[in-house]
Amino acid sequence: AFLDTLPGLYVVKTDGLAAGKGVLVTESLTEARDAVRAYLSGQAFGDAGRQVVLEEGMTGPECSLLVLVSGGDLAPLAPAQDFKRIFDGDRGPNTGGMGAYSPVPIVDDDTVDRVLKEAVVPTVAELDERGAPYRGILYAGLMLTPTGPKVVEFNVRFGDPECQAVVPRLASDLAVHCLESARGERLTPVEFVDDACVTVGLASEGYPTQPRTGDVITGVQAAERVPGVTVFHAGTKRVDGDLVTAGGRVLNVTAVAPTLKEARARAYEAVGQISWPGIQHRRDIAAAVESA
């Protein structure tokens, strides 16, 4: 009955832990109803889905802002944009993230200031008011809607894959920033290089619903020989000397270069070196902004 009151883009979420998979965004009322039934019955996510959150969908590009919080001192890191759908063109089910890039040309300093003022500062102040002062990284997941930025979610950690697109651009010392934040000290100014960074996620066959594991991975060393490239391991393990898949999101291939276009080219050159049976990845990470 509540779904019938919404204007046409539906968001159905579990109210429990679902490994980043418990969100459906759909324009289909039938699909939304079916999801609610599957969640509440326990068919979809067991006990984690027996309570659901229903929301009006928001439209606009996504943006992630990671903010160092240390007492009353806040320091935003460089914005990033991630890609949550499994297939190119933002199609298919939501995942934990199939790639990201930084900087985000459409997010200027005024937008960052507005997010801090309207979302982050009030949240940190409310935590203080409730006797739960927060220190560390606060991740604000945002939608840049036609009426301005709106919060989709907060996380109390570095976001993945945004972390792999933001931290490689740091010119200042991450360890110093984290230590100051943990101690509640005044933060050293955060500095970034002008270089851009693009991260492409590589996933197992069947991800995000039923990822297959145990496939032998080849080409990681060749990928890391591409200039500016680092391969981050997410779901891998060693079996009898072989590197094999051990999760849904397996590797993140990150490239740093002077421009987003060059970083994207390096990332996908490296991705082309890596293989295992059933490998899947998006081919459009940062494609819309590669001229920046």
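Two strands are taken as paired if DSSP finds at least two bridges between them, and helices (H or I, at least four residues) and strands (E, at least two) are DSSP runs numbered from the N terminus. The structure is a predicted model in which local features need pLDDT of at least 70 and side-chain atom pairs count only at pLDDT 80 or more, whereas totals for chains, interfaces and linings use all residues. Residues are numbered from 1 along each chain as its sequence is written, and side-chain values use heavy atoms, with hydrogens and water left out.

On these criteria, five strands form an open sheet with antiparallel pairing in the order β6-β9-β12-β16-β13. Helix α6 (residues 260–271) lies across β9 (99–102), β12, β13 and β16, and runs at about 30° to β12. Here contact means heavy atoms within 4.5 Å, while axes are lines fitted to C-alpha atoms, for helices over the stretch in contact, and angles run from 0 to 180 degrees between N-to-C directions.

An open sheet of three strands is also present, in the order β2-β1-β3 and with antiparallel pairing. Its edge strands, β2 and β3, each pair on one side only, and neighbouring strands are turned by 15° against each other on average, direction ignored. Strand β1 pairs over five bridges with β3 (residues 52–56) and over four bridges with β2 (residues 23–26). Val11 has a bridge partner in each of these strands, namely Val25 in β2 and Glu55 in β3, while Thr14 is partnered by Val52 in β3.

Strand β1 (residues 10–14) is mostly covered, five of its five residues being buried, where buried means under 20% relative accessible area, exposed over 50% and partly exposed in between (1.4 Å probe, protein chains only). Tyr10, Val12 and Thr14 point one way from β1, and Val11 and Lys13 point the other way, yet all are buried. Helix α1 (residues 29–40) lies across β1, β2 and β3 and runs at about 10° to β1.

A further antiparallel pair is made by β7 (residues 85–87) and β8 (residues 91–94), which are joined by two bridges, and the bridge partner of Arg85 in β8 is Asn94. These strands form a hairpin with three residues between them, and Gly89 in the turn has a positive phi of about 75°.

The volume of the largest cavity is about 40 Å³, a volume being the space filled by probe spheres set on the points, which are joined across faces, edges and corners. Its lining (residues with an atom within 4 Å of a point) consists of Glu62, Cys63, Ser64, Lys84, Tyr139, Gly141, Leu142, Val152 and Glu153. The elements that give two or more residues to this lining are β4 (62–70), β10 (136–145) and β11 (148–155). The lining residues divide into four nonpolar, two polar and three charged, with Ala, Val, Leu, Ile, Met, Phe, Trp, Tyr, Cys and Pro counted as nonpolar, Asp, Glu, Lys and Arg as charged, and the others, Gly among them, as polar.

Notes. On a 1 Å grid over the protein atoms alone, a cavity is a set of points where a 1.4 Å probe fits but cannot get out, and a pocket is an open set with protein on both sides within 12 Å along at least five of seven lines; lining residues have an atom within 4 Å of a point.
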